Amino acid sequence: MYLKETTKKSLQLANNLNVVNDTTYKNLLENCFSVLVGGDEIHADGTLLGSKPDLIKELYANLLISTAEFVRNALNKEDVLQYLTEECKINQKRAEIYSSAYSTNKQGVEISLLNIGNHPPHITDVSWKIDFVVKSNHLDHSGGPLFRIAFTTEKFDQENLCKKIQHVNFTCDSQEMQDLVYKLKDAVRHCERLAFDN
Amino acid sequence: MLISFRSDHKEHLALLRNQSIQVLVDFCKLTIDYLNNGPNQKLYATAAEKLSVGPEIIQNSVYGLVNLLLLSCKHKLSETDFRDSVLTLGFSEEQEVILNKFYQSRKNEVTQILNQLNLKEPHFDDLEWRFELQVASRSLLHQVNPIVTMDLSLKTQKEDELDFEVEHHIIQTDVNNLAHICNELEKALHESRGRYCRKIQKSLMKL
(Lines give C-alpha, C1' and ligand atoms only; values in the text may rest on other atoms or scores of the structure.)
Protein backbone atom coordinates (compact mmCIF):
# COMPACT_ATOMS: atom_id res chain seq x y z
CA MET A 1 0.00 0.00 0.00
CA TYR A 2 1.53 3.26 -1.15
CA LEU A 3 0.25 6.84 -1.18
CA LYS A 4 2.18 9.86 -2.42
CA GLU A 5 3.55 12.22 0.22
CA THR A 6 1.45 15.06 -1.25
CA THR A 7 -1.69 12.97 -0.87
CA LYS A 8 -0.88 12.14 2.74
CA LYS A 9 -0.23 15.77 3.44
CA SER A 10 -3.48 16.87 1.87
CA LEU A 11 -5.39 14.30 3.91
CA GLN A 12 -4.10 15.98 7.05
CA LEU A 13 -6.39 18.88 6.20
CA ALA A 14 -9.05 16.67 7.79
CA ASN A 15 -7.41 17.37 11.15
CA ASN A 16 -8.06 21.06 10.83
CA LEU A 17 -11.41 21.86 12.43
CA ASN A 18 -11.26 25.43 11.06
CA VAL A 19 -11.26 24.12 7.51
CA VAL A 20 -13.68 21.22 7.85
CA ASN A 21 -16.23 21.01 10.60
CA ASP A 22 -17.88 17.69 11.48
CA THR A 23 -20.86 18.10 9.12
CA THR A 24 -18.72 19.10 6.17
CA TYR A 25 -16.39 16.19 6.81
CA LYS A 26 -19.29 13.78 6.96
CA ASN A 27 -20.84 15.20 3.79
CA LEU A 28 -17.52 15.07 1.97
CA LEU A 29 -17.20 11.39 2.81
CA GLU A 30 -20.75 10.69 1.67
CA ASN A 31 -20.03 12.40 -1.64
CA CYS A 32 -16.77 10.56 -2.02
CA PHE A 33 -18.23 7.07 -1.54
CA SER A 34 -21.32 7.81 -3.56
CA VAL A 35 -19.24 8.86 -6.57
CA LEU A 36 -16.92 5.88 -6.29
CA VAL A 37 -19.84 3.48 -6.09
CA GLY A 38 -21.03 4.93 -9.38
CA GLY A 39 -23.72 7.36 -8.24
CA ASP A 40 -23.96 11.15 -8.15
CA GLU A 41 -22.72 13.54 -5.49
CA ILE A 42 -25.29 13.63 -2.70
CA HIS A 43 -24.48 17.12 -1.44
CA ALA A 44 -24.13 20.09 -3.77
CA ASP A 45 -20.70 21.66 -4.11
CA GLY A 46 -21.81 25.08 -2.88
CA THR A 47 -22.95 23.89 0.55
CA LEU A 48 -19.58 22.24 1.26
CA LEU A 49 -16.99 24.74 0.15
CA GLY A 50 -17.45 27.30 2.93
CA SER A 51 -14.75 29.89 3.48
CA LYS A 52 -11.84 27.77 2.22
CA PRO A 53 -13.03 26.27 -1.08
CA ASP A 54 -9.52 25.46 -2.36
CA LEU A 55 -8.63 23.43 0.73
CA ILE A 56 -11.95 21.58 0.75
CA LYS A 57 -11.50 20.69 -2.91
CA GLU A 58 -7.97 19.51 -2.22
CA LEU A 59 -9.13 17.31 0.62
CA TYR A 60 -12.02 15.93 -1.42
CA ALA A 61 -9.80 15.03 -4.38
CA ASN A 62 -7.34 13.26 -2.14
CA LEU A 63 -10.08 11.41 -0.29
CA LEU A 64 -11.16 10.04 -3.67
CA ILE A 65 -7.61 9.03 -4.55
CA SER A 66 -6.89 7.33 -1.24
CA THR A 67 -10.26 5.53 -1.08
CA ALA A 68 -9.79 4.07 -4.56
CA GLU A 69 -6.28 3.04 -3.60
CA PHE A 70 -7.42 1.41 -0.32
CA VAL A 71 -10.04 -0.65 -2.12
CA ARG A 72 -7.68 -1.48 -4.94
CA ASN A 73 -5.25 -2.97 -2.41
CA ALA A 74 -8.06 -4.74 -0.56
CA LEU A 75 -7.44 -3.11 2.81
CA ASN A 76 -9.93 -3.92 5.57
CA LYS A 77 -11.37 -1.51 8.14
CA GLU A 78 -8.58 -2.00 10.68
CA ASP A 79 -5.83 -1.65 8.05
CA VAL A 80 -7.33 1.62 6.89
CA LEU A 81 -7.65 2.96 10.42
CA GLN A 82 -4.07 2.06 11.18
CA TYR A 83 -2.80 3.54 7.94
CA LEU A 84 -4.66 6.81 8.41
CA THR A 85 -3.54 7.34 11.98
CA GLU A 86 0.04 6.13 11.63
CA GLU A 87 1.06 6.99 8.09
CA CYS A 88 -1.14 9.99 7.41
CA LYS A 89 -1.22 11.32 10.97
CA ILE A 90 -4.94 11.87 11.00
CA ASN A 91 -6.56 12.15 14.41
CA GLN A 92 -8.30 9.10 15.83
CA LYS A 93 -11.85 10.49 15.69
CA ARG A 94 -11.78 11.55 12.05
CA ALA A 95 -10.00 8.37 11.02
CA GLU A 96 -12.66 6.28 12.72
CA ILE A 97 -15.46 8.12 10.95
CA TYR A 98 -13.68 7.43 7.68
CA SER A 99 -12.97 3.79 8.36
CA SER A 100 -16.54 2.98 9.34
CA ALA A 101 -17.85 4.65 6.15
CA TYR A 102 -15.18 2.73 4.28
CA SER A 103 -16.26 -0.63 5.60
CA THR A 104 -19.91 -0.07 4.66
CA ASN A 105 -19.09 1.06 1.13
CA LYS A 106 -16.11 -1.14 0.36
CA GLN A 107 -18.07 -3.74 -1.57
CA GLY A 108 -19.79 -1.17 -3.75
CA VAL A 109 -16.51 0.46 -4.68
CA GLU A 110 -15.03 -2.97 -5.37
CA ILE A 111 -17.79 -3.71 -7.86
CA SER A 112 -17.27 -0.47 -9.74
CA LEU A 113 -13.51 -1.02 -9.83
CA LEU A 114 -14.13 -4.55 -11.05
CA ASN A 115 -16.12 -3.20 -13.97
CA ILE A 116 -13.38 -0.89 -15.15
CA GLY A 117 -11.38 -2.44 -17.92
CA ASN A 118 -11.57 -3.63 -21.44
CA HIS A 119 -13.56 -6.84 -21.38
CA PRO A 120 -15.90 -8.35 -23.95
CA PRO A 121 -19.61 -7.46 -23.73
CA HIS A 122 -21.16 -9.05 -20.66
CA ILE A 123 -24.49 -10.83 -21.07
CA THR A 124 -26.95 -9.76 -18.43
CA ASP A 125 -30.25 -11.00 -19.78
CA VAL A 126 -31.96 -12.80 -22.60
CA SER A 127 -35.33 -12.31 -24.23
CA TRP A 128 -37.04 -14.80 -26.49
CA LYS A 129 -40.15 -15.22 -28.52
CA ILE A 130 -41.53 -18.07 -30.56
CA ASP A 131 -42.73 -17.40 -34.10
CA PHE A 132 -44.69 -19.54 -36.51
CA VAL A 133 -44.47 -18.73 -40.19
CA VAL A 134 -47.96 -18.47 -41.62
CA LYS A 135 -47.04 -17.47 -45.14
CA SER A 136 -44.05 -16.18 -47.07
CA ASN A 137 -43.45 -15.08 -50.63
CA HIS A 138 -41.94 -18.47 -51.38
CA LEU A 139 -44.28 -20.73 -49.50
CA ASP A 140 -47.97 -20.56 -48.76
CA HIS A 141 -48.03 -22.88 -45.81
CA SER A 142 -46.86 -22.62 -42.28
CA GLY A 143 -43.53 -23.53 -40.77
CA GLY A 144 -41.78 -23.21 -37.51
CA PRO A 145 -41.40 -22.80 -34.64
CA LEU A 146 -38.71 -20.17 -35.01
CA PHE A 147 -37.05 -18.85 -31.86
CA ARG A 148 -36.04 -15.19 -31.92
CA ILE A 149 -33.42 -14.62 -29.27
CA ALA A 150 -31.84 -11.40 -28.05
CA PHE A 151 -28.95 -11.37 -25.60
CA THR A 152 -28.72 -8.10 -23.69
CA THR A 153 -25.06 -7.25 -23.24
CA GLU A 154 -23.33 -4.53 -21.28
CA LYS A 155 -20.00 -3.05 -22.21
CA PHE A 156 -17.92 -0.20 -20.89
CA ASP A 157 -17.93 2.40 -23.66
CA GLN A 158 -14.40 3.83 -23.89
CA GLU A 159 -15.54 6.87 -25.88
CA ASN A 160 -18.34 8.10 -23.65
CA LEU A 161 -16.92 6.56 -20.48
CA CYS A 162 -20.19 4.98 -19.50
CA LYS A 163 -22.02 1.69 -19.65
CA LYS A 164 -23.40 0.81 -23.06
CA ILE A 165 -26.17 -1.71 -23.63
CA GLN A 166 -26.15 -3.68 -26.84
CA HIS A 167 -28.25 -6.53 -28.15
CA VAL A 168 -27.13 -9.62 -30.01
CA ASN A 169 -30.06 -10.83 -32.07
CA PHE A 170 -30.38 -14.14 -33.81
CA THR A 171 -32.83 -16.82 -34.85
CA CYS A 172 -32.91 -20.54 -34.17
CA ASP A 173 -35.02 -23.30 -35.60
CA SER A 174 -35.93 -26.17 -33.28
CA GLN A 175 -32.77 -28.09 -33.93
CA GLU A 176 -30.45 -25.12 -33.53
CA MET A 177 -32.26 -24.18 -30.34
CA GLN A 178 -31.71 -27.64 -28.90
CA ASP A 179 -28.06 -27.39 -29.81
CA LEU A 180 -27.73 -23.99 -28.10
CA VAL A 181 -29.50 -25.08 -24.93
CA TYR A 182 -27.43 -28.26 -24.80
CA LYS A 183 -24.19 -26.31 -25.04
CA LEU A 184 -25.24 -23.77 -22.42
CA LYS A 185 -26.31 -26.53 -20.08
CA ASP A 186 -22.97 -28.19 -20.54
CA ALA A 187 -21.25 -24.94 -19.50
CA VAL A 188 -23.52 -24.54 -16.46
CA ARG A 189 -22.85 -28.13 -15.42
CA HIS A 190 -19.11 -27.61 -15.56
CA CYS A 191 -19.37 -24.44 -13.47
CA GLU A 192 -21.44 -26.26 -10.87
CA ARG A 193 -18.99 -29.11 -10.72
CA LEU A 194 -16.11 -26.70 -10.23
CA ALA A 195 -17.98 -25.13 -7.32
CA PHE A 196 -18.58 -28.53 -5.74
CA ASP A 197 -15.03 -29.77 -6.15
CA ASN A 198 -13.54 -26.80 -4.35
CA MET B 1 -57.53 -25.19 -55.05
CA LEU B 2 -56.84 -24.36 -58.69
CA ILE B 3 -53.76 -22.29 -59.42
CA SER B 4 -53.90 -19.69 -62.15
CA PHE B 5 -51.05 -19.55 -64.62
CA ARG B 6 -49.61 -16.54 -66.36
CA SER B 7 -50.23 -16.51 -70.11
CA ASP B 8 -46.53 -16.71 -71.02
CA HIS B 9 -46.20 -19.67 -68.70
CA LYS B 10 -49.09 -21.37 -70.52
CA GLU B 11 -47.38 -20.67 -73.83
CA HIS B 12 -44.17 -22.25 -72.63
CA LEU B 13 -46.03 -25.38 -71.61
CA ALA B 14 -48.06 -25.51 -74.84
CA LEU B 15 -45.42 -27.52 -76.72
CA LEU B 16 -45.61 -30.33 -74.18
CA ARG B 17 -49.35 -30.82 -74.58
CA ASN B 18 -48.89 -32.33 -78.03
CA GLN B 19 -46.09 -34.70 -77.16
CA SER B 20 -46.18 -38.42 -76.54
CA ILE B 21 -45.84 -39.84 -73.04
CA GLN B 22 -42.24 -40.88 -73.73
CA VAL B 23 -41.26 -37.36 -74.81
CA LEU B 24 -42.94 -35.91 -71.72
CA VAL B 25 -40.99 -38.32 -69.51
CA ASP B 26 -37.80 -37.15 -71.24
CA PHE B 27 -38.75 -33.55 -70.52
CA CYS B 28 -39.30 -34.40 -66.86
CA LYS B 29 -35.81 -35.91 -66.86
CA LEU B 30 -34.43 -32.73 -68.45
CA THR B 31 -36.14 -30.72 -65.72
CA ILE B 32 -34.65 -32.90 -62.99
CA ASP B 33 -31.26 -32.42 -64.60
CA TYR B 34 -31.90 -28.67 -64.58
CA LEU B 35 -32.77 -28.75 -60.88
CA ASN B 36 -29.62 -30.68 -60.04
CA ASN B 37 -27.06 -29.19 -62.41
CA GLY B 38 -28.52 -26.00 -63.89
CA PRO B 39 -29.24 -25.36 -67.58
CA ASN B 40 -27.52 -27.56 -70.14
CA GLN B 41 -27.66 -26.03 -73.62
CA LYS B 42 -26.19 -29.15 -75.24
CA LEU B 43 -29.06 -31.35 -74.10
CA TYR B 44 -31.60 -28.75 -75.24
CA ALA B 45 -29.96 -28.57 -78.68
CA THR B 46 -30.17 -32.36 -79.12
CA ALA B 47 -33.80 -32.38 -78.01
CA ALA B 48 -34.55 -29.47 -80.35
CA GLU B 49 -33.11 -31.41 -83.27
CA LYS B 50 -35.21 -34.46 -82.49
CA LEU B 51 -38.45 -32.46 -82.28
CA SER B 52 -37.32 -30.08 -85.04
CA VAL B 53 -37.97 -26.89 -83.07
CA GLY B 54 -35.64 -24.11 -81.88
CA PRO B 55 -33.51 -24.86 -78.79
CA GLU B 56 -34.93 -21.84 -76.96
CA ILE B 57 -38.41 -23.38 -77.23
CA ILE B 58 -37.10 -26.53 -75.55
CA GLN B 59 -35.45 -24.41 -72.91
CA ASN B 60 -38.66 -22.50 -72.27
CA SER B 61 -40.57 -25.77 -71.93
CA VAL B 62 -38.11 -26.95 -69.30
CA TYR B 63 -38.40 -23.61 -67.50
CA GLY B 64 -42.17 -23.95 -67.74
CA LEU B 65 -42.03 -27.32 -66.01
CA VAL B 66 -39.71 -25.95 -63.32
CA ASN B 67 -42.11 -23.08 -62.70
CA LEU B 68 -45.06 -25.48 -62.56
CA LEU B 69 -43.21 -27.48 -59.93
CA LEU B 70 -42.34 -24.36 -57.91
CA LEU B 71 -45.88 -23.01 -58.01
CA SER B 72 -47.35 -26.34 -56.96
CA CYS B 73 -44.94 -26.61 -54.06
CA LYS B 74 -45.51 -23.01 -53.04
CA HIS B 75 -49.24 -23.58 -52.79
CA LYS B 76 -48.73 -27.08 -51.42
CA LEU B 77 -51.16 -28.61 -53.90
CA SER B 78 -52.65 -31.96 -53.04
CA GLU B 79 -52.65 -34.71 -55.66
CA THR B 80 -56.20 -33.88 -56.81
CA ASP B 81 -55.58 -30.13 -56.83
CA PHE B 82 -52.51 -30.70 -58.94
CA ARG B 83 -54.50 -32.93 -61.26
CA ASP B 84 -57.23 -30.34 -61.75
CA SER B 85 -54.73 -27.56 -62.36
CA VAL B 86 -52.80 -29.58 -64.94
CA LEU B 87 -55.96 -30.74 -66.70
CA THR B 88 -57.18 -27.14 -67.09
CA LEU B 89 -53.86 -26.40 -68.80
CA GLY B 90 -54.97 -28.82 -71.50
CA PHE B 91 -52.88 -31.87 -70.68
CA SER B 92 -54.38 -35.33 -71.23
CA GLU B 93 -55.14 -37.76 -68.39
CA GLU B 94 -52.09 -39.91 -69.22
CA GLN B 95 -49.81 -36.89 -69.32
CA GLU B 96 -51.21 -35.75 -66.01
CA VAL B 97 -50.23 -39.08 -64.39
CA ILE B 98 -46.63 -38.56 -65.51
CA LEU B 99 -46.54 -34.94 -64.31
CA ASN B 100 -48.11 -35.89 -61.01
CA LYS B 101 -45.48 -38.58 -60.45
CA PHE B 102 -42.83 -36.02 -61.26
CA TYR B 103 -44.37 -33.56 -58.79
CA GLN B 104 -44.68 -36.11 -56.00
CA SER B 105 -41.08 -37.28 -56.43
CA ARG B 106 -39.61 -33.79 -56.15
CA LYS B 107 -42.11 -32.17 -53.79
CA ASN B 108 -40.28 -32.61 -50.48
CA GLU B 109 -36.93 -31.56 -51.83
CA VAL B 110 -38.24 -28.41 -53.49
CA THR B 111 -40.36 -27.44 -50.48
CA GLN B 112 -37.33 -27.78 -48.26
CA ILE B 113 -35.30 -25.52 -50.52
CA LEU B 114 -38.12 -22.96 -50.71
CA ASN B 115 -38.22 -22.96 -46.95
CA GLN B 116 -34.55 -22.05 -46.80
CA LEU B 117 -35.09 -19.20 -49.24
CA ASN B 118 -36.87 -17.37 -46.48
CA LEU B 119 -35.57 -14.17 -44.95
CA LYS B 120 -31.83 -14.20 -44.64
CA GLU B 121 -31.29 -13.56 -40.97
CA PRO B 122 -28.51 -14.62 -38.68
CA HIS B 123 -29.02 -18.11 -37.30
CA PHE B 124 -27.29 -19.81 -34.43
CA ASP B 125 -24.34 -21.82 -35.68
CA ASP B 126 -22.09 -22.76 -32.80
CA LEU B 127 -21.15 -21.85 -29.26
CA GLU B 128 -17.74 -22.35 -27.76
CA TRP B 129 -17.04 -21.45 -24.18
CA ARG B 130 -14.30 -21.50 -21.59
CA PHE B 131 -14.31 -20.96 -17.88
CA GLU B 132 -11.99 -18.23 -16.58
CA LEU B 133 -11.04 -16.81 -13.24
CA GLN B 134 -10.10 -13.15 -13.16
CA VAL B 135 -7.63 -12.75 -10.31
CA ALA B 136 -6.34 -9.20 -10.72
CA SER B 137 -6.72 -6.10 -12.83
CA ARG B 138 -5.10 -2.69 -12.85
CA SER B 139 -7.96 -1.15 -10.92
CA LEU B 140 -8.47 -4.01 -8.45
CA LEU B 141 -5.45 -6.00 -7.39
CA HIS B 142 -6.96 -8.88 -5.44
CA GLN B 143 -10.09 -10.46 -6.80
CA VAL B 144 -11.62 -13.82 -7.61
CA ASN B 145 -14.14 -13.33 -10.33
CA PRO B 146 -15.38 -16.36 -12.25
CA ILE B 147 -16.24 -15.57 -15.87
CA VAL B 148 -17.48 -17.69 -18.73
CA THR B 149 -16.20 -16.36 -22.04
CA MET B 150 -18.09 -17.52 -25.09
CA ASP B 151 -17.66 -17.40 -28.82
CA LEU B 152 -21.12 -17.28 -30.35
CA SER B 153 -21.04 -17.97 -34.10
CA LEU B 154 -23.99 -16.86 -36.16
CA LYS B 155 -24.45 -17.82 -39.79
CA THR B 156 -26.31 -15.84 -42.40
CA GLN B 157 -27.11 -17.19 -45.82
CA LYS B 158 -25.26 -15.33 -48.55
CA GLU B 159 -26.95 -13.85 -51.60
CA ASP B 160 -26.07 -16.81 -53.81
CA GLU B 161 -28.00 -19.05 -51.36
CA LEU B 162 -25.32 -21.73 -51.35
CA ASP B 163 -22.88 -20.48 -48.78
CA PHE B 164 -23.06 -19.10 -45.27
CA GLU B 165 -21.39 -16.09 -43.82
CA VAL B 166 -20.30 -16.74 -40.26
CA GLU B 167 -19.83 -13.93 -37.77
CA HIS B 168 -18.31 -14.39 -34.35
CA HIS B 169 -19.43 -12.64 -31.20
CA ILE B 170 -17.04 -12.81 -28.30
CA ILE B 171 -19.12 -12.32 -25.19
CA GLN B 172 -18.78 -13.15 -21.54
CA THR B 173 -21.01 -13.64 -18.57
CA ASP B 174 -20.89 -14.58 -14.92
CA VAL B 175 -22.02 -17.90 -13.56
CA ASN B 176 -25.33 -16.63 -12.21
CA ASN B 177 -26.34 -15.04 -15.48
CA LEU B 178 -25.25 -18.11 -17.38
CA ALA B 179 -27.56 -20.27 -15.31
CA HIS B 180 -30.35 -17.72 -15.77
CA ILE B 181 -29.93 -17.60 -19.55
CA CYS B 182 -29.79 -21.35 -19.83
CA ASN B 183 -32.89 -21.65 -17.70
CA GLU B 184 -34.77 -19.06 -19.71
CA LEU B 185 -33.94 -20.65 -23.07
CA GLU B 186 -34.86 -24.06 -21.79
CA LYS B 187 -38.21 -22.61 -20.82
CA ALA B 188 -38.61 -21.31 -24.40
CA LEU B 189 -37.83 -24.74 -25.81
CA HIS B 190 -40.22 -26.34 -23.39
CA GLU B 191 -42.91 -23.82 -24.26
CA SER B 192 -42.58 -24.57 -27.98
CA ARG B 193 -43.42 -28.20 -27.26
CA GLY B 194 -46.25 -27.31 -24.93
CA ARG B 195 -49.93 -27.80 -25.55
CA TYR B 196 -50.62 -24.18 -26.45
CA CYS B 197 -47.99 -24.01 -29.20
CA ARG B 198 -48.99 -27.38 -30.62
CA LYS B 199 -52.60 -26.26 -30.76
CA ILE B 200 -51.69 -23.09 -32.63
CA GLN B 201 -49.49 -25.02 -35.02
CA LYS B 202 -52.24 -27.52 -35.73
CA SER B 203 -54.80 -24.83 -36.49
CA LEU B 204 -52.31 -23.06 -38.76
CA MET B 205 -51.76 -26.29 -40.67
CA LYS B 206 -55.46 -26.44 -41.42
CA LEU B 207 -55.51 -22.99 -43.03
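**Close-up views of a two-chain model**

**View 1. The buried side of helix α7(A).** Elements of both chains cover the buried residues of α7(A), including β2 and β3 of chain A together with β1, β2 and α7 of chain B. These buried residues are A:M177, A:L180, A:V181, A:L184 and A:A187. A residue is buried if 20 or more other C-beta atoms lie within 10 Å of its own, exposed if 12 or fewer, and partly exposed in between, with C-beta atoms placed from the backbone. Helices (H or I, at least four residues) and strands (E, at least two) are DSSP runs, numbered from the N terminus. The model is predicted: local features need pLDDT of at least 70 and side-chain atom pairs count only at pLDDT 80 or more, while totals for chains, interfaces and linings use all residues. Residues are numbered from 1 along each chain as its sequence is written, and chains are lettered from A and ligands numbered from 1 in the order in which they are written.

**View 2. The length of α7(A).** The 24 residues of α7(A) should span 34 Å at 1.5 Å a residue, and the end C-alpha atoms are 34 Å apart, so the two values agree. The expected span is 1.5 Å times one less than the number of residues in the helix.

**View 3. The contact of chain A with chain B.** Chain A gives 49 residues to the contact and chain B gives 48 residues. Two residues are in contact if their C-beta atoms, placed from the backbone, lie within 7 Å. On the side of chain A that touches chain B, two or more residues each come from α6 (92-114), β1 (122-133), β2 (143-157), β3 (162-173) and α7 (174-197) of chain A. Helix α7(A) gives the most, with 15 residues. This side of chain A is made up of 27 nonpolar, 15 polar and seven charged residues. Ala, Val, Leu, Ile, Met, Phe, Trp, Tyr, Cys and Pro count as nonpolar, Asp, Glu, Lys and Arg as charged, and the others, Gly among them, as polar.

**View 4. The largest nonpolar core.** This core has 26 residues, and those with the most contacts inside it are A:C172, A:L180, A:V181, A:L184, B:I181 and B:L185. At least two of its residues come from each of β1, β2, β3 and α7 of chain A and β1 (123-134), β2 (145-157) and α7 (175-192) of chain B. The largest share, six residues, is that of α7(B). Another core, of 23 residues, lies apart from this one and has A:F33, A:V71, A:A95 and A:V109 among its members. A nonpolar core is a set of buried Ala, Val, Leu, Ile, Met, Phe, Trp, Tyr and Cys residues joined through C-beta atoms within 7 Å. Leaving aside neighbours within four places in sequence, B:L185 is in contact with A:V126, A:W128, A:L180, A:V181 and A:L184.

**View 5. The kink in α6(B).** Helix α6(B) has a kink of about 50°, centred on B:K107. The bend at a residue is the angle between axes fitted to the seven residues ending there and the seven starting there. The buried residues of this helix are B:Q95, B:L99, B:F102 and B:Y103, and what covers them includes α2 (21-37), α4 (55-74) and α5 (79-88) of chain B.

**View 6. A:A74, a residue with positive phi.** A:A74 is not a glycine, yet its phi is positive, about 55°. A:A74 lies in the loop between α4 (53-72) and α5 (77-87) of chain A. A:A74 counts as partly exposed because it has 14 C-beta neighbours inside 10 Å.
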